[in-house]
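Please keep the sequence and the model in view while working through the numbered points.

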Amino acid sequence: MKHHWEKYKPLILFGVITVILTLIGVCSDFCSKGKLLWDFSSIVDTATAIALAVLAAIAYFEYAKGEDEIKIYLDVEGEKKDTQLRLLRKDVSRGEVLGILGMIQNKNSGRFENSKFRNKEILLEFLNNIMEVQKGNRDEIVVPISKEDFEKYFSEYFNKS
């Protein structure tokens, strides 16, 4: 049951603050101290509204960044090949990228597993590339791939282009 209340904690806090400020407003009509509290709460209200407007603008820019199109490239032994495929930044993940590559691989060749990822440094660099794209620091994904894997899994896709 505790988890249930935790879920609504911000809403309850909002309600309590609203009731307190309403009581201060009503009290301001009947006593001088209430007027002082009402003036103070009006100042806090204005400052909070401005702060929320700034936070909303920041949140919008973060949302808009998630709509950026990210290009996917294959790095075949140092040669960068444009797949002409794009993902929205908000959808970029290791599984999504590898799933898309699985969709474009040659039909008759089994599952693409990318032998380059058996090298720890290359795998870590690829995963770092994904994280940098997610953070908004990069605008492309580069998937390292051996010449053999490229020929076996993707040659037909690039020959059709």
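1. What percentage of the contacts in the chain with a separation of 6 or more do residues 24 or more positions apart account for? The share is 59%, where contact means heavy atoms within 4.5 Å.

2. Some conventions come next. The model is predicted, so local features need pLDDT of at least 70 and side-chain atom pairs count only at pLDDT 80 or more, while totals for chains, interfaces and linings use all residues. Residues are numbered from 1 along each chain as its sequence is written, and side-chain values use heavy atoms, with hydrogens and water left out.

3. The overall architecture consists of seven helices and three strands. Helices (H or I, at least four residues) and strands (E, at least two) are DSSP runs, numbered from the N terminus. Along the sequence, their order is α-α-α-β-β-α-α-β-α-α. The chain has 161 residues, and 27% of them are buried; buried means under 20% relative accessible area, exposed over 50%, and partly exposed in between, with a 1.4 Å probe and protein chains only.

4. The largest pocket has a volume of about 270 Å³. It is lined by 11 residues, and the closest to its centre are Leu21, Ser41, Val44, Asp45 and Thr48. Helix H2 (9–28) and helix H3 (32–66) are the elements that give two or more residues to this lining, and H3 gives the most, with eight. By class, the lining of the largest pocket comprises seven nonpolar residues, three polar and one charged. Here Ala, Val, Leu, Ile, Met, Phe, Trp, Tyr, Cys and Pro count as nonpolar, Asp, Glu, Lys and Arg as charged, and the others, Gly among them, as polar.

5. The terms of the previous point need a definition. On a 1 Å grid over the protein atoms alone, a pocket is an open set of points where a 1.4 Å probe fits, with protein on both sides within 12 Å along at least five of seven lines; lining residues have an atom within 4 Å of a point. Grid points are joined across faces, edges and corners, and a volume is the space filled by probe spheres set on the points.

6. The second largest pocket holds about 210 Å³ of space. Among the residues that line it are Asp75, Glu77, Lys116, Phe126 and Arg138. Helix H5 (120–135) and strand E3 (140–145) each supply at least two lining residues, and H5 gives the most, with five. The lining of the second largest pocket divides into four nonpolar, three polar and five charged residues.

7. How many aromatic pairs does the structure hold? There are six; rings of Phe, Tyr and Trp (its six-membered ring) pair if their centres lie within 6.5 Å, and planes under 30 degrees apart count as stacked, over 60 as edge-to-face and the rest as tilted. The ring centres of Tyr60 and Phe61 are 5.9 Å apart and their planes stand at 65°, so this pair is edge-to-face. Tyr60 is exposed, at 51% relative accessible area, and Phe61 is exposed as well, at 57%. Tyr60, Phe61 and Tyr63 form one aromatic cluster.

8. Phe117 and Phe126 form a tilted aromatic pair, with 4.7 Å from centre to centre and 35° between the planes. Are these two residues buried or exposed? Phe117 is buried, with a relative accessible area of 13%, and Phe126 is buried, with 2%.

9. A charge also meets a ring. Lys80 lies over the face of Tyr73, at 4.5 Å from the ring centre. A charge sits over a ring if NZ of Lys or CZ of Arg is within 6 Å of the ring centre and within 35 degrees of the ring normal.

10. Two backbone angles deserve a check. Glu77 has a positive phi of about 50° although it is not a glycine; this residue lies in the loop between strand E1 (69–76) and strand E2 (79–88) and is partly exposed, at 46% relative accessibility. Gln84, also not a glycine, has a positive phi of about 65°. Gln84 lies in strand E2 and counts as exposed, at 57% relative accessibility.
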